[in-house]
Amino acid sequence: MDWKEILNQERVKPYYLKLKEFVDNEYEHYRVFPPKQKIYRALSLTPFSSVKVVILGQDPYHNPKQAMGLAFSVPNGVDLPPSLLNIFKEIENEYGKTMIRSGDLTYLAKQGVLLLNTVLSVRMNQPLSHQNRGYEILTDTLISKLNEDDNPKVFLLWGSKANSKRELITNPHHLILTSPHPSPLSASRGFFGNQHFIKCNEFLVKNGLEPINWINH
């Protein structure tokens, strides 16, 4: 199983054809993020067979120069968005080490951390403008395919939107870790101190897998 095979199965379905028509039209007439060629970047950087951890985001950043096709990630040199800043704070607290203030999470994607938004594009300055157009059907399918695969994985579900995907993850080989979202609105209600990064690595090691180096040095 690989992403290309899964996507090819989806591309002939009516919902996907409608989604593609909508997305093509949006990119043609509006400013849309991420750049079109990076819509599926999370999949290209983290092949299906490499996935050890899944972090679910909602939709891409809607301000210029931020979205890069990876959930929570921004290009090097861009100020850290508040949620990413809180993710870094939690990693620092768990490991007692300081993160470099670069928000590019490619280093995680290359280690098997799938940084998947459930909606894969957005119109500039209009958050959630591409929701309920078909992306959710596609990304639910991707999550379900990961669930069906027995290679142990950790699903990090932060916030109510991500937690709603819990019903898709039924395979006892996997670990689900849930907490409030790292947004400043909710991080202090249980994201800080959740120990997810340490717990994730403990599970991976217990299952004979290489732990994730969360520190971006």
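This is a predicted model: local features need pLDDT of at least 70, side-chain atom pairs count only at pLDDT 80 or more; totals for chains, interfaces and linings use all residues.
**Helix packing**

Two packed helices are described by the angle between their axes and the distance between the axes.

| Helix pair | Angle between axes | Distance between axes |
|---|---|---|
| α1 (residues 3-10) and α6 (residues 135-148) | roughly 135 degrees | within 11 Å |
| α2 (residues 14-29) and α6 | about 125 degrees | 9 Å |

The crossing of α1 with α6 is right-handed. On the α1 side the contact is formed by Trp-3, Ile-6, Leu-7, Gln-9 and Glu-10, and on the α6 side by Leu-138, Thr-141, Leu-142, Lys-145 and Leu-146. Sorted by class, these residues comprise 6 nonpolar, 2 polar and 2 charged.

The helices α2 and α6 are likewise oblique to each other. Here Tyr-15, Tyr-16, Leu-19 and Val-23 of α2 touch Tyr-135, Ile-137 and Leu-138 of α6. This contact has 7 nonpolar residues, with no polar and no charged ones. Leu-138 takes part in the contact with α1 and also in the contact with α2.

β2 runs parallel to strand β3 (residues 113-117), and 5 bridges join the two. Within this pairing, Leu-56 lies opposite Leu-116 of β3. β2 is also parallel to strand β5 (residues 154-158), to which 3 bridges connect it. Ile-55 has Leu-156 of β5 as its bridge partner.

**Backbone angles**

Most residues other than glycine have a negative phi, and most peptide bonds are trans.

The peptide bond between Phe-33 and Pro-34 is cis, with omega about -5 degrees. Pro-34 belongs to the loop between β1 (32-33) and α3 (41-45).

Phe-72 has a positive phi, near 70 degrees, and sits in the loop between β2 and α4 (82-95). Its relative accessibility is 9%, so Phe-72 counts as buried.

Asn-125 also has a positive phi, of about 60 degrees. This residue is in the loop between β4 (122-123) and α6. With 46% relative accessibility, Asn-125 counts as partly exposed.

Note on methods: Residues are numbered from 1 along each chain as its sequence is written. Side-chain values use heavy atoms; hydrogens and water are left out. Axes are lines fitted to C-alpha atoms, for helices over the stretch in contact, and angles run from 0 to 180 degrees between N-to-C directions. Helices (H or I, at least four residues) and strands (E, at least two) are DSSP runs, numbered from the N terminus. A crossing is left-handed if the near helix is turned anticlockwise from the far one by less than a right angle, and right-handed if clockwise. Contact means heavy atoms within 4.5 Å. Ala, Val, Leu, Ile, Met, Phe, Trp, Tyr, Cys and Pro count as nonpolar, Asp, Glu, Lys and Arg as charged, and the others, Gly among them, as polar. Angles under 35 degrees count as roughly parallel, over 145 as roughly antiparallel, 65 to 115 as roughly perpendicular and the rest as oblique. Two strands pair if DSSP finds at least two bridges between them. Buried means under 20% relative accessible area, exposed over 50%, partly exposed in between (1.4 Å probe, protein chains only).
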